[in-house]
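A plain account in running paragraphs is enough.

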Amino acid sequence: MKAYKITIFIFAVMLCLIAIAAVFPEEGITAGEVTLTFPTLHDMSQQEQEAVEPELTPEQLLALRAQEMRQQQEDGFLTFFRENEAAIHFPQSDSNYKYLDPLFAALDGADTTLVRIVHYGDSQIEEDRISNILRRRLQEHFGGQGVGIVPLYQSVQSQTFGQSCSYEPTRYSVYWLSSFRRTGSRRYGPMGQLSVISAPISVNILPRTKVTGYYSAHYFNTVTLLTAPNSQIAANVKSEKRTIVSDGSNLQFTEFNMPDSSTTLNVSLSGNGDIYGIMMTGKTGVNVDNMPMRGCSGTIFSGIDPQQLKAYFQYTNTRLVIMQFGGNSMPYLKTQKAIDNYAATIGEQVRYMQRQAPEAQILFIGPSDMTTRIQGKMQTYTWLEDVDNALMEAVTEAGGAYWSLFKAMGGRGAMGQWVRSGLAGSDYIHFTRKGANEVGEMLNNALMTYYDYYKWREREYAPMNEAYPEVMALTVDSIKAQK
């Protein structure tokens, strides 16, 4: 049959049905006990409308489409995190990307309060290396002033501030160095070191702008002395005199207000007592403490008085504790058993710090690539990758986050390229200032990638949740509830 004949037939049938519907009684035709009915024209048009009308309103359909698009974007974030070897690994599994949300929420509130990040590490962070770039970038983004805490006497000068003392005080440390002594107790303070004064001492702190140029860390309006409870000290800070009277606490804080434009500091002390450090900060914004521990493997934190650590983290509103260690142990880890034991010890240190800083997140940074001479060639330590993986597993199992500096800088053999590029020294272990700055930028970029993801979730999901709660499976509230 021809196509036009089929078309004519279909239209003829439709016209017949319409004609029947037009004349057929709405109440139907009764024949005995049987009643025959036929749809009316109104019923037929209504059924057609219902057949094409969506179950959701146009606004809800748009919301669903937006959700699909956002899911695609989120999948893109997650794919990036999984495939990027420099990604941060989080507790329990790599899918727990919300671990740092409390830190990011605190940073967003730094315009009204002071937020502290504490960066512990070995000699890789001496001179305020790595920390200074992280501090600079965070203060540019979230505001803030000051360098944070510094010791009373600094034998290795910072590239941010230079210090000089009228004499070198007796010093004690929880990590051993020939210039330090042991206290016989656990009261080493938050930096793991202290200075003892028994005669008048004068300390001058000046910005080293030829190294870094002036930036926010060089300005401060608050100076705080940290002292032991049994100290009897008279302090003169920029002509403001104060007698420090013990309040019985394990760690005592004495604040001095400075002009907003302060960039230099002179502190004169007399009497007897233990000084745990001097803090230079602003009233709001972000501070990043640089706390280097030369020669340390990161296994000494449980040797610091827990009450002193708790007092410091609470007083300073510490929201992130960075622990950067592993390099000093690397030459001695030559068996799987030794690696497992070291990793287990680090896991215990992470748990210890979590107990002292319950409001903070923990981020452990593993060792960089390190090379040694093997069969006449400079090669990565044989067990380094195994150490990196063992530390990542131990830290994340302990509830902390882990950033592999080894992978971030390029993995096995990368140190040779860093040395040739002027980013690391001839010892094939330590970064140059230029290299340390690069690591600081990499660390900041890693953190800010997750911050961007946090802000994206907060911005994209919250408005849709308010307008269309029935079509949004993931909301800001549900994210918080899952923590």
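Is Arg 242 buried, exposed or partly exposed? Arg 242 counts as partly exposed, because its relative accessibility is 28%; buried means under 20% relative accessible area, exposed over 50%, and partly exposed in between, with a 1.4 Å probe and protein chains only. This is a predicted model, in which local features need pLDDT of at least 70 and side-chain atom pairs count only at pLDDT 80 or more, while totals for chains, interfaces and linings use all residues. Residues are numbered from 1 along each chain as its sequence is written, and side-chain values use heavy atoms, with hydrogens and water left out.

Arg 242 forms a salt bridge with Glu 240, and the closest N and O atoms are 2.7 Å apart. A salt bridge here is a side-chain nitrogen of Lys or Arg within 4 Å of a carboxyl oxygen of Asp or Glu. Glu 240 is also partly exposed, at 27% relative accessibility. In general, side chains of opposite charge can pair when their charged atoms come close. The structure holds 13 salt bridges.

Another of these joins Glu 127 to Arg 433, with 3.5 Å between the closest N and O atoms. This pair links distant parts of the chain: Glu 127 is in the loop between β4 and α5, Arg 433 is in helix α12, and the two are 306 residues apart. Helices (H or I, at least four residues) and strands (E, at least two) are DSSP runs, numbered from the N terminus. Glu 127 counts as partly exposed because its relative accessibility is 24%, and Arg 433 is partly exposed at 34%.

Lys 455 is partly exposed at 22% relative accessibility, as is Glu 458 at 30%. Salt bridges that share partners join Lys 455, Glu 458 and Asp 108 into one network.

Asp 122 is a charged residue without such a partner. Asp 122 is buried yet has no salt bridge, and the nearest side chain of opposite charge, Arg 129, is 7.1 Å away. For this search Lys and Arg count as positive and Asp and Glu as negative, while His and the chain ends are not counted. Asp 122 lies in the loop between β4 (114-121) and α5 (131-142). Leaving aside neighbours within four places in sequence, the contacts of Asp 122 (heavy atoms within 4.5 Å) include Pro 292, Cys 296, Phe 325 and Asn 328. Of these, Cys 296 is buried, because its relative accessible area is 4%. Cys 165 is partly exposed at 21% relative accessibility. A search of the whole structure finds 0 disulfides, a disulfide being a pair of cysteine sulfur atoms within 2.5 Å.

Next comes the interior. In soluble globular proteins, nonpolar side chains tend to be buried together. A nonpolar core is a set of buried Ala, Val, Leu, Ile, Met, Phe, Trp, Tyr and Cys residues joined through side-chain atoms within 4.5 Å. The largest such core has 99 residues, and those with the most contacts inside it include Ile 88, Tyr 120, Phe 301 and Trp 403. Helix α12 (residues 433-467) gives the most to this core, with 12 residues. A second, separate core of 23 residues includes Val 150, Val 203, Ala 235 and Val 267.

The structure also holds 16 aromatic pairs. Rings of Phe, Tyr and Trp (its six-membered ring) pair if their centres lie within 6.5 Å; planes under 30 degrees apart count as stacked, over 60 as edge-to-face and the rest as tilted. Phe 90 and Tyr 97 are an edge-to-face pair, 6.4 Å centre to centre with 85 degrees between the planes. Phe 90 is buried at 1% relative accessibility, and Tyr 97 is buried at 6%. Tyr 120 and Phe 301 also pair edge-to-face, at 4.8 Å and 75 degrees. Tyr 120 in strand β4 and Phe 301 in the loop between β15 (285-292) and α7 (306-315) are 181 residues apart. Tyr 120 counts as buried because its relative accessibility is 0%, and Phe 301 is buried at 0%. Phe 90 and Tyr 97 belong to one aromatic cluster with Tyr 99, Tyr 450, Tyr 453 and Trp 456.
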